[in-house]
Amino acid sequence: MLKRSLISVISLILLWQILIWLYHLPPYILPSPWQVLLVWIRGWPILLQQSIPTLWETIASFILAAVVGSVTALTLAYFTWARSWLFPWVLVSQALPTFALAPLLVVWLGYGMSSKIVTALIMMFFPITSAFYDGLRRTKPEWLDLAKTMNAKKSATLWFICFPAALPNLASGLRVAAVLAPMGAVVGEWVGSSHGLGYLMLNANARMQIDWMFAALMAITVWTLLLYALVDTLLKKLITWH
Amino acid sequence: MLNAPGIDLKRISLLYAGQFVFEQLSLHLPAAKCSCLLGPSGVGKSSLLQLIAGILPLAPGDGEIAATDGKPLLGRVAYMAQTDLLMPWASVLDNVMLGEKLRYCRWRVSKENKERARYHLQQVGLLDRADDKPESLSQGMRQRVALARTLFEDKPIVLMDEPFSALDVVRKLELQALAVEVLQGRTVFWVTHDPLEALRVGQAIFVLTGQPARINYQVEPTENVPRDVRQSNIIALEAELIAALCQRTTGDLA
């Protein structure tokens, strides 16, 4: 697995370099892998420093989205009325273009972290809610029949049967969300911020420092992969059934 | 004692996809005995069981299901399905105590109930696996846990829907004997498609065939259960049951 991933990464970098050689691309259009590496070597303290706020936003929004998404899915599953009242809003949250909404959020919530957290939250809310809700609705009917013969309370059936049975589905939603979280935070930063990797990219873009743009992009990718790996490992440890 | 009542099914009708599964079907299940319902697949055995269990609702005017002591059936029935229906996230002990958690919606179960669950696990020979997860058990063991869960419910009426049909012959024979032993004194309604199983455990045996389904044969073997299915009279009865099973509504032998 690791070997194959390494091979594909190295091939991609080679392709990148070949493209530059073939078309004689100048560094302000496409910097070479070597130039980007140089930025990493020389500028890692800055990259790391700017990563910290982005990571905080990412983690905070991920946890918040997990909680809000789970509570929404449970509400939808438990209250019949919620399906007709709440579900359209869940869909709207996904239909809204986050990129268009982000500037508004900055106006409403300010330049600080909260506007970024909410932007990322909106991006992650739907995949988490829909995956979990789907799982809650697909509880084995035989289990529900058994619960019925045991004179189960509706809340107890949801809590002791539907909820654990749907955890693997929640886990798939969380895996998708883990990939979306850093993106959400960076989108929020792009629109207006005073720190973070998005801010760094915004500045580099304005100054045509394309090598810095690439370095920041790669930092985001690395953090995203690490977050995914962490979430995936944790979920596999915690949820062993399917 | 449990004071297990009999069950009277009076003129039960059930429509499914525009066709009658049963039409005016009546059946009496004797108190504190094991009644077996035998029938081919798809005849409506499980539907009948689910009607008694309250899983399928009985529409008004479609007959009546009543206990012979006049009290309601609701809350006096335990149900055991064909598959073990164990929750893979819960330990064996927690699976046995599932009903208690579902009825009162709480995590903690009283000490007495825990002891009771352990006692039933001991009855089915799995006390040493109480803390294991179901995935580590064989199919036969899982069905034993399901039996312990049914016993834990401690209900006078027990409904069993082909509970051991997925097991190999040896496990099946073992579990049939165990079930007969631990379910003594309760009114058991045991659905099966296996004539030998019915003859091994049933104190009253009913054969359900046709569409709409009717009871076309019934027998009450007198020997004590679990019976030895190698005995000649049992083998002779098996032939009769098979003949009854093969009979169509027209009365022909298939």
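User: In what order do the elements of chain A run from the N terminus on?
Analyst: From the N terminus on, they run α-α-α-α-α-α-α-α-α. That comes to 9 helices and 0 strands. Helices here are DSSP runs of H or I with at least four residues, strands are E runs of at least two, and both are numbered from the N terminus.

User: Before we go on, what kind of model is this?
Analyst: It is a predicted model, where local features need pLDDT of at least 70, side-chain atom pairs count only at pLDDT 80 or more, and totals for chains, interfaces and linings use all residues. Residues are numbered from 1 along each chain as its sequence is written, and chains are lettered from A and ligands numbered from 1 in the order in which they are written.

User: What are its ipTM and pTM scores?
Analyst: The ipTM is 0.88 and the pTM is 0.86. Chain B averages a pLDDT of 91, and 97% of its residues score at least 70. The pLDDT is the predictor's confidence in each residue, from 0 to 100. Over residues 249-254 of chain B it is below 50. Beyond near neighbours in sequence, that stretch has 7 contacts in the model. A contact means two C-beta atoms, placed from the backbone, within 7 Å.

User: Back to chain A. What does its C-alpha trace span?
Analyst: About 75 × 45 × 30 Å along the principal axes. Of its 242 residues, 38% count as buried. Buried means 20 or more other C-beta atoms within 10 Å of a residue's own, exposed means 12 or fewer, and partly exposed is in between, with C-beta atoms placed from the backbone.

User: And which domains does chain A get?
Analyst: The assignment gives domain 1 (1-30) and domain 2 (36-238). Such bounds come from an automatic or database domain assignment. The C-alpha centres of these two domains of chain A are 30 Å apart.

User: Which residues of helix 8 of chain A are buried?
Analyst: Leu197(A), Gly198(A), Tyr199(A), Leu200(A) and Met201(A), in a helix that covers residues 197-206. The buried residues of helix 8 pack against helix 2 (33-78), helix 7 and helix 9 of chain A. After helix 8 comes Met208(A), with a positive phi near 60°.

User: Where does Trp223(A) lie?
Analyst: In helix 9 (residues 210-238) of chain A. Trp223(A) touches Ser51(A), Leu55(A) and Pro182(A), leaving out residues up to four places away in sequence.

User: Why does Trp223(A) count as partly exposed?
Analyst: Because it has 19 other C-beta atoms within 10 Å.

User: Switching to chain B. How many helices and strands are there?
Analyst: Chain B has 8 helices and 9 strands. Its radius of gyration is 18 Å, close to the 18 Å that the globule rule gives for 254 residues, so chain B is as compact as a globular protein of that length. That radius is taken over C-alpha atoms, and the rule is 2.2 Å times the number of residues to the power 0.38. Buried residues make up 42% of chain B.

User: What are the domains of chain B?
Analyst: Domain 1 is 1-76 + 156-254, and domain 2 is 87-154. Their C-alpha centres lie 26 Å apart. In chain B, domain 1 puts 10 residues into the contact and domain 2 puts in 9. On the domain 1 side, helix 6 (residues 169-182) of chain B has the largest share, 5 residues.

User: How many residues of each chain are in contact across the two chains?
Analyst: 20 residues of chain B contact 19 residues of chain A. Helix 3 of chain B gives the most to the chain B side, with 5 residues. By class, that side has 13 nonpolar, 4 polar and 3 charged residues. Nonpolar covers Ala, Val, Leu, Ile, Met, Phe, Trp, Tyr, Cys and Pro; charged covers Asp, Glu, Lys and Arg; the others, Gly among them, are polar.

User: Last topic, the largest nonpolar core. Which residues touch the most other members?
Analyst: Met124(A) and Leu159(B), out of 132 residues. Helix 7 (residues 154-191) of chain A gives the most to this core, with 18 residues. A nonpolar core is a set of buried Ala, Val, Leu, Ile, Met, Phe, Trp, Tyr and Cys residues joined through C-beta atoms within 7 Å.

User: What does Leu159(B) touch?
Analyst: Leu49(B), Ile52(B), Ala53(B), Val77(B), Tyr79(B) and Phe189(B), not counting residues up to four places away in sequence.
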